[in-house]
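Please look over the sequence and the model before reading on. This briefing treats helix packing, a sheet and salt bridges in turn.

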Amino acid sequence: MSIEQHSQPTDDRAAVANSLDEMLEALNLGIPTAPDDFRSGFVGIVGRPNVGKSTLMNGLVGQKVAIVSPIAQTTRNRLRGILTRDDAQIVFVDTPGIHKPHHELGKVLVANARMAIHSADLLLFVVDGSVEAGGGDRFVAEWLAQAPVPVVLGLNKIDLQTDPTVEESYAALAADRGWPIVRFSALQGEGTEELLQALIDRLPPGPFYYPPELVTDRPERFIMGELIREQILLHARDEIPHSVAVEIDRVEETPKITRVLATIHIERASQKAILIGKGGSMLKAIGTAAREQIQKLIDGKVYLELYVKLQPKWRRSPARLADLGYRIEED
């Protein structure tokens, strides 16, 4: 279940405080009083691109909140996934992968990832445990070493690990900074319970920030757009890497069906031809797969109509980026 936000948050806690009461009243949801031994907080999931951050958050929350694909930098926005247990509530903040930006969009993504540490109670540094630590990992580690909150090093993809000496490179990286290491596989679920307990043990006593029923505070329209973009990456990943954005133009709900109209923005005319495909075959395949995912999201029938629009150099225009929902989030 998701809820609609009506204002841009200034930080994670402000997002809860400023607009949550009004939204919950409309949804007839309430925030219970936490017991004395209850722990809660915001956990920033940080790391290089394509190390499994979004897969991990989806698995921990128990529902698809963030889109995933084999393409690096799939995550573009700071996404919050909410896990509520009897003893704790964890608000996971999935961030774009830390990378060297090559355009205005990249600068926005990296800036938002960096800002995540300032509103977190705890940071989970996720690395690809199937390969040795590289320069990108060391760069992120140096940056996180300056964070004013605890850091847990999460060694992901242990199911793909074939060389036991790989862990030594991460052990050295963590030992220099006094970080605990937790081994797990986000895809297989192995070790995730141990990871959760390690995170809860390091969270402070606190209240419920959200009603227990919620798994994200992102609006359904936003998630619909992300589900469409996910299918574009999966179906046309070699031809359309990151120069695509999805805008939900209209959502019409009736008792029998939900109609969704969306526009896919691309930068070059050649990309438009690829996305549409011969006789509209590619766009049809993307639409069919995205419709199935959206139907799971809303638990109902969906009619999805997609349009492809040419927007030259949209990733380099701060104004166009803001129109499409990509902006540096205030801390």
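At roughly what angle do the axes of helix 8 and helix 9 cross? In this predicted model, helix 8, which covers residues 269-276, and helix 9, which covers residues 281-298, have axes that cross at roughly 65 degrees and come within 4 Å.

**Helix 8 against helix 9**

- On the side of helix 8 the contact is made by I274, L275 and I276, while helix 9 contributes S281, M282, L283 and I286.

- Strand 7 pairs with strand 8 (residues 258-266) in the antiparallel sense over 9 bridges, and A245 has H265 in strand 8 as its bridge partner.

**Salt bridges**

- Side chains of opposite charge can pair when their charged atoms come close.
- The count of salt bridges in the model comes to 9.
- One of them joins R85 to E193, with the closest N and O atoms 3.8 Å apart; because R85 lies in the loop between strand 2 (79-84) and strand 3 (88-94), whereas E193 lies in helix 6 (residues 192-201), the pair ties together parts that are 108 residues apart in sequence.
- R85 counts as partly exposed because its relative accessibility is 23%, whereas E193, with a relative accessible area of 52%, is exposed.
- R85 and E193 also belong, together with D87, to a network of linked salt bridges.
- K157 and D128 form another salt bridge, in which the closest N and O atoms are 3.6 Å apart; K157 lies in the loop between strand 5 (151-156) and helix 5 (166-175) and D128 in strand 4 (residues 122-128), so this pair ties together parts that are 29 residues apart in sequence.
- Both K157 and D128 are buried.
- E226 and R229 meet through their side chains in a salt bridge of 3.0 Å, N to O, and since they are 3 residues apart in helix 7 (residues 220-235), about one helical turn separates them.
- Buried or exposed, which describes E226 and R229? Both E226 and R229 are buried.

Terms used. Residues are numbered from 1 along each chain as its sequence is written. This is a predicted model: local features need pLDDT of at least 70, side-chain atom pairs count only at pLDDT 80 or more; totals for chains, interfaces and linings use all residues. Side-chain values use heavy atoms; hydrogens and water are left out. Axes are lines fitted to C-alpha atoms, for helices over the stretch in contact, and angles run from 0 to 180 degrees between N-to-C directions. Helices (H or I, at least four residues) and strands (E, at least two) are DSSP runs, numbered from the N terminus. Contact means heavy atoms within 4.5 Å. Two strands pair if DSSP finds at least two bridges between them. A salt bridge is a side-chain nitrogen of Lys or Arg within 4 Å of a carboxyl oxygen of Asp or Glu. Buried means under 20% relative accessible area, exposed over 50%, partly exposed in between (1.4 Å probe, protein chains only).
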